[in-house]
Amino acid sequence: MSKTFDRIAAITFLAVGALFMVESLRISKSAYGSAVGPNVFPFLLGLILVLLSIKLLFETARYAHSESEKQPLQYKKFFIILLAAVFYAALLETVGYVITTFVFLVIGFQAMEKGGLWKSVLFAACFSLGVYGLYVKLLQGTLPSWPIWLQ
Amino acid sequence: MDALTFLIDGFQTALQPHNLFFAFLGVLIGTAVGVLPGIGPMSGVALLIPVTASMTSGLDPAQAATSSIILLAGVYYGAMYGGSTTSILLNTPGESSSVVTTLDGYQMAKQGRAGAALAIAAIGSFVAGLVSLIALVLLAEPLSNVALKFGPAEYFSLMLLGLAAVSGLAGNSMTKAWMMTVFGLLLSTIGLDNVSGVARFTYNISFLYGGLEFLTVAVGLFALGEVFKAILHKEKNDGEIAKIGRILPSKAEAKESVGPIARGSLLGFFVGVLPGAGATLASFFSYIMEKKLSKTPEKFGKGTIAGVAAPESANNAASGGAMIPLLTLGIPGSGTTAILMGALIMYNVQPGPLLFDEHPDVAWGLIASMFIGNVMLLILNMPLVKIFAKIIETPTKYLLPLIVAISVFGVYAVQVTIFDVFLLIGFGLLGYLLAQHDFPLAPLVLGLVLGPMIENNMRRALTASNGDFMVFFEKPISLVLLIIAFLWIVVPFIMKLKGKSIIVNEDM
């Protein structure tokens, strides 16, 4: 258990709960034909979340200081793939499914383990074209197709 | 026998060629999910919801729901079969429900009896699957008839009990589990209010009016969350894979397993029916029970076949038992069944007592398909186990980016908005961070799925009572359910104060 993380989490959830409480006050209180309006349930839940967060804050004070051995995290790989995923999502509709998926997969495969570029390219091409062909051509689904300047 | 005619109708649904195909695909993927360490049944099922939704898009809604749930349930119980393979061959459990199997299974593999262990695990799973299904057939009608008499107050209390049970058993810290439950419930209030039509917490963002899509949240939290974890914490799989050898168990081994399989099936089923307990606890309990009952307890941990047969039967029976509260009461008892419930609701099929009246084809089709699926699994896991063992060697290099790609495809194909894809990535990060620090995710999903129903029933009950909260305590059934829920929270707390250790379900 990480004391710092749990404290940050407790304070974050406290804020989230408080936010829900404050915001639910702005929802109209009554609804036609029911005694309990749409604001009651979120307000009560927000209150419970605030109370639980405070409880967790108190609990963190009692945590024993036991620094567990930390294994080195693979931040570089992770951020490359995360960034690639964000760009993938952002460009999906403008550049089209096949190209973005292909590029994302090649970057992903190479980020996980360098080498075997041709194999990565082959797998990525098979997946992106295969999914597109199966879903759009066979099942008549909708995916963003090729970019306009390619058509 | 009413149930029997319904079951025959169910078989007619399940034996349609496309449903047979979906059942086969489900158990095949399920076995693969079970074999692959790092992908649990929860992320497997979550990942496949959007994929099946796009596969069944050509069918009419009721049929699509039946076919999808057949496939998804297949993944769920298929994973229980597959989980034992890596436990026995690699000493690495593929699922948390197969952790106990490593104790004796790997020892047997070291002695060259891996084939026998795998065969008994498959046979035990098969028998347990049948036992729990027969119980499901017998109990489904009577239980849903009882539940039909429930009013909104009783329903509210029942769901509260469900939440209490799952939160009470999930993870190491009950505070954290409850925080996750409440957070899930809060997230479910985003969007248009079902009763009054008032927009809540939407801030004029048009995507939010429909509420947070369950599918996006579940795929993000479980599938992407696990991928992020696997990338950051490189897991080494350099263990030697044991040789399988002869697949059939010897006569003595078969005879020795009869008792453990029978007891494991029954125990697992009852543990599975209880909300919050689930397959992992069932396998632990049955192993402990066998050790206590055995005439030679010293053999446990050194490669006795009973130590494989009992837990493997129990975890499969539990997954069948967990379907009972889901189908008859509409209360999921674990993370995986909560995801199944979310999938059903996506198809406008509401699990619960009315399911058997309104959608008998879905309910009985699913039950019948589980019979067929179990037979398929037995065939897949006995002669073909050597092929499945090869899946362990799948390089994560290709697997992890592909899971991300499948998640993005699935969410985009169903939602057709980039907003949901970003939400997916966001929940993936959140899922990783929370799970890494002992914040259990199953209660969050449970809260998200049950939220709208809890709120509706609460408000309906309060409307009938003119806003008097005492209504929940005045109805006898509701009061009893609330007392049980209260005890479920308080008893472990008191036991903890007395210094007793309690068993918690790490992963459901």
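**Questions on the model**

Modeller: His437(B) sits in the loop between helix H19 (418–436) and helix H20 (442–464) of chain B; helices (H or I, at least four residues) and strands (E, at least two) are DSSP runs, numbered from the N terminus. This is a predicted model: local features need pLDDT of at least 70, side-chain atom pairs count only at pLDDT 80 or more, and totals for chains, interfaces and linings use all residues. Residues are numbered from 1 along each chain as its sequence is written, chains are lettered from A and ligands numbered from 1 in the order in which they are written, and side-chain values use heavy atoms, with hydrogens and water left out.

Colleague: Is His437(B) buried or exposed?

Modeller: Buried means under 20% relative accessible area, exposed over 50%, partly exposed in between (1.4 Å probe, protein chains only). His437(B) has 19% relative accessibility, so it counts as buried.

Colleague: Which backbone oxygen lies 3.0 Å from a polar atom of the His437(B) side chain?

Modeller: Contact means heavy atoms within 4.5 Å. Leaving aside neighbours within four places in sequence, His437(B) contacts Ser2(A), Phe5(A), Asp6(A) and Lys176(B). The backbone oxygen at 3.0 Å belongs to Leu433(B).

Colleague: Which residue forms a salt bridge with Lys176(B)?

Modeller: A salt bridge is a side-chain nitrogen of Lys or Arg within 4 Å of a carboxyl oxygen of Asp or Glu. Across the interface of chain B and chain A the rule finds 1 salt bridge. With the closest N and O atoms 2.7 Å apart, the partner of Lys176(B) is Asp6(A).

Colleague: Which helix gives the most to the side of chain B that touches chain A?

Modeller: Helix H3 (41–55), helix H8 (174–188), H9, helix H18 (396–415), H19 and H20 of chain B each supply at least two residues of that side. With 13 residues, the one that gives the most is H18(B).

Colleague: How many residues of the side of chain B that touches chain A are nonpolar?

Modeller: Ala, Val, Leu, Ile, Met, Phe, Trp, Tyr, Cys and Pro count as nonpolar, Asp, Glu, Lys and Arg as charged, and the others, Gly among them, as polar. On that side of chain B, 13 are polar and 8 charged. The nonpolar count is 38.

Colleague: What is phi of Phe201(B) near?

Modeller: Phe201(B) lies in the loop between strand S2 (199–200) and helix H9 (214–232) of chain B. Most residues other than glycine have a negative phi. Phi of Phe201(B) is positive, near 55°.

Methods:
Polar contact = N/O pair within 3.5 Å; in protein donor to acceptor, adjacent residues only side chain to side chain.
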